[in-house]
Amino acid sequence: MTSGREKAYRFLKETVLTDPAMQGEFLSEQMIADRVGISRTPIREALLLLAAEELVSLVPKRGAYIAPLSGREISELMEMRALLERYAARRTVETGTAPVAEMDRILEEQTALRGSEKAKEFIEADHRFHATLIAAAGNKLMAKQYEALRSRQVRAGVSALYRSPGRQNEVCAEHRHIVTALAAERADVACAAIDDHIAATRRILTEG
């Protein structure tokens, strides 16, 4: 059975924090309690967990502040992604474990999710696409670390879609390049495609 704290934590992390309109806003415990339908105590506990993850800042008498991703956070997130994804690409090609079929399936699903009203679902599929490659590398600790980036990745991805209306088509094309390179067992080409993909998102987020 899901506890009130878990329910509030999931709602905040997956719904509120990924909403571009909420960036730079304050959240009150009462407002969240009214939306989720639970008491303020589990809300407070959930906010403390998010503050420990540095996803919100708790400001006395103001509430929980959702700070927009800073330039530094974006750069560090993209750098970490590039390191992990390039390693996974090289490792899976080397061991013959590249999950081409599964990544291709997710890409087909993602392609069908284009449209501003499906931005969050599109980015959720985007995360699964990359996480599938990471998991195939066979390093559980690395996969766990990558999953820890999920909330920030979704926030960044959704923001990029809102800033660049044509970004969904570009993402699908960039993902296709990655899958094609992995299928051809060309780790160097896959790594280059990953770099181009991440650089494009970073550019949109930092240049506006």
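At what angle do helix 4 and helix 8 pack, and how far apart are their axes? In this predicted model, helix 4 (residues 71-95) and helix 8 (residues 150-163) pack at about 115 degrees, with axes 11 Å apart. Angles from 65 to 115 degrees count as roughly perpendicular, and helix 4 and helix 8 are therefore roughly perpendicular to each other. Two packed helices are described by the angle between their axes and the distance between the axes.

**Helix 4 with helix 8**

- The crossing of helix 4 past helix 8 is left-handed.
- On the helix 4 side, the residues in this contact are Glu 73, Leu 77, Met 78 and Arg 81. Their partners in helix 8 are Arg 152, Gln 153 and Ala 156.
- Sorted by type, the residues of the contact of helix 4 with helix 8 are three nonpolar, one polar and three charged.

**Helix 6 with helix 8**

- Helix 8 also packs with helix 6: their axes come within 9 Å and cross at roughly 130 degrees.
- Helix 6 and helix 8 are therefore oblique to each other, and their crossing is right-handed.
- From helix 6, the contact takes in Ala 119, Lys 120, Phe 122, Ile 123, Glu 124 and His 127. These meet Arg 150, Gln 153, Val 154, Gly 157, Val 158, Leu 161 and Tyr 162 in helix 8.
- By type, the contact of helix 6 with helix 8 holds seven nonpolar, three polar and three charged residues.
- Gln 153 is one to look for in both contacts of helix 8: Gln 153 is among the residues that meet helix 4, and Gln 153 is also among those that meet helix 6.

**A closer look at Ile 123**

- Ile 123 is found in helix 6. Is Ile 123 buried or exposed? Its relative accessible area is 5%, so Ile 123 is buried.
- Setting aside neighbours within four places in sequence, Ile 123 is in contact with Gln 153, Val 154, Gly 157, Val 158 and Leu 161.
- Ala 148 lies 25 residues from Ile 123 in sequence, and their C-alpha atoms are 16 Å apart in space.

**Helix 1 with helix 2**

- Helix 1 (residues 4-16) and helix 2 (residues 29-36) have axes that come within 11 Å and cross at roughly 95 degrees. That makes helix 1 roughly perpendicular to helix 2.
- Lys 7, Phe 11, Leu 12 and Val 16 in helix 1 make this contact with Ile 32, Arg 35 and Val 36 in helix 2.
- The residues of this contact comprise five nonpolar, no polar and two charged.
- The buried residues in helix 1 are Ala 8, Phe 11, Leu 12, Lys 13 and Val 16.
- Helix 2 is part of what covers those buried residues, and the cover also includes strand 1 (26-27), helix 3 (40-52) and helix 8.

**Helix 10 and His 197**

- Helix 10 (residues 187-207) has 21 residues. From first C-alpha to last, helix 10 reaches 30 Å, close to the 30 Å expected at 1.5 Å a residue.
- Which residues of helix 10 are buried? They are Ala 187, Ala 190, Cys 191, Ala 193, Ile 194, His 197, Ile 198, Ala 200, Thr 201, Ile 204 and Leu 205.
- These buried residues pack against helix 4, helix 6 (119-136), helix 8 and helix 9 (167-183).
- Within helix 10, His 197 is buried with a relative accessible area of 2%.
- Not counting residues up to four places away in sequence, His 197 touches Arg 81, Asp 126, His 130, Arg 167, Val 171, Glu 174, His 175 and Ile 178.

**Two loop residues with positive phi**

- Glu 54 lies in the loop between helix 3 and strand 2 (57-59). Its phi is near 60 degrees, a positive value in a residue other than glycine.
- Glu 54 has 64% relative accessibility, so Glu 54 counts as exposed.
- Glu 185 is found in the loop between helix 9 and helix 10, and the phi of Glu 185 is also positive, near 60 degrees.
- At 57% relative accessibility, Glu 185 counts as exposed.

Notes:
Residues are numbered from 1 along each chain as its sequence is written. This is a predicted model: local features need pLDDT of at least 70, side-chain atom pairs count only at pLDDT 80 or more; totals for chains, interfaces and linings use all residues. Side-chain values use heavy atoms; hydrogens and water are left out. Axes are lines fitted to C-alpha atoms, for helices over the stretch in contact, and angles run from 0 to 180 degrees between N-to-C directions. Helices (H or I, at least four residues) and strands (E, at least two) are DSSP runs, numbered from the N terminus. Angles under 35 degrees count as roughly parallel, over 145 as roughly antiparallel, 65 to 115 as roughly perpendicular and the rest as oblique. A crossing is left-handed if the near helix is turned anticlockwise from the far one by less than a right angle, and right-handed if clockwise. Contact means heavy atoms within 4.5 Å. Ala, Val, Leu, Ile, Met, Phe, Trp, Tyr, Cys and Pro count as nonpolar, Asp, Glu, Lys and Arg as charged, and the others, Gly among them, as polar. The expected span of a helix is 1.5 Å times one less than its number of residues. Buried means under 20% relative accessible area, exposed over 50%, partly exposed in between (1.4 Å probe, protein chains only).
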